[in-house]
Amino acid sequence: MKAADINEEKATAHPTEVIVCGGSNVPQCHTEMELACRWLGEVIDNLRITTPYFTAPEGPCPGSAPYLNAVACGTTTHTSRELSAMMKNYESSRGRLPEHKKTGRIIIDIDVVKYGDTVVSPDEFASDYFRKGLSRL
């Protein structure tokens, strides 16, 4: 076992605060966000979620539809890596494919933005859509 693996194991010994952001821009976005928020309640303890809110698209597909976003926080005993993998698996289970990002059609996207004191996704942390939600927690 490597030292990094031991450190990763120790991270699971106590609950760590986590902040995640989710978004969807498909016609059924309200349903997708509701299901995602329900799922997050199963994997994150003490979950608090913003009321979903619409934002203009940012990034490589500016012509895509507006996004319904939500920001959530809580605690987890999962490592950041484990939690991110669980989120990608959830996205896939909802039908998200890698090529959807290129077309700007996002069924559901859920990302760990902050794990403990570490900003895991600096671009997302600095985004307007995340900041808007964070201010509502």
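Guide: The largest nonpolar core has 21 residues, and V20, L40, I44, M87 and I110 are those with the most contacts inside it; such a core is a set of buried Ala, Val, Leu, Ile, Met, Phe, Trp, Tyr and Cys residues joined through side-chain atoms within 4.5 Å, where buried means under 20% relative accessible area with a 1.4 Å probe and protein chains only. At least two residues of this core come from each of β1, α2, β4, α3 (80–93) and β5 (109–115), the largest share, 6 residues, being that of α2. Helices (H or I, at least four residues) and strands (E, at least two) are DSSP runs, numbered from the N terminus. If neighbours within four places in sequence are set aside, M87 is in contact with V20, W39, L40, I44, I110, D111 and V112, contact meaning heavy atoms within 4.5 Å. A second, separate core of 8 residues includes Y53, V71, V113 and F130.

The model is predicted, so local features need pLDDT of at least 70 and side-chain atom pairs count only at pLDDT 80 or more, whereas totals for chains, interfaces and linings use all residues. Residues are numbered from 1 along each chain as its sequence is written, and side-chain values use heavy atoms, with hydrogens and water left out.

The largest cavity is lined by V20, C21, G22, M33, A36, C37, L40, A70, V71, A72 and I110; β1 (16–24), α2 (29–43) and β4 (67–76) are the elements that give two or more residues to this lining, and the largest share, 4 residues, comes from α2. A cavity here is a set of points on a 1 Å grid over the protein atoms alone where a 1.4 Å probe fits but cannot get out, and lining residues have an atom within 4 Å of a point.

Key:
On a 1 Å grid over the protein atoms alone, a cavity is a set of points where a 1.4 Å probe fits but cannot get out, and a pocket is an open set with protein on both sides within 12 Å along at least five of seven lines; lining residues have an atom within 4 Å of a point. Buried means under 20% relative accessible area, exposed over 50%, partly exposed in between (1.4 Å probe, protein chains only).
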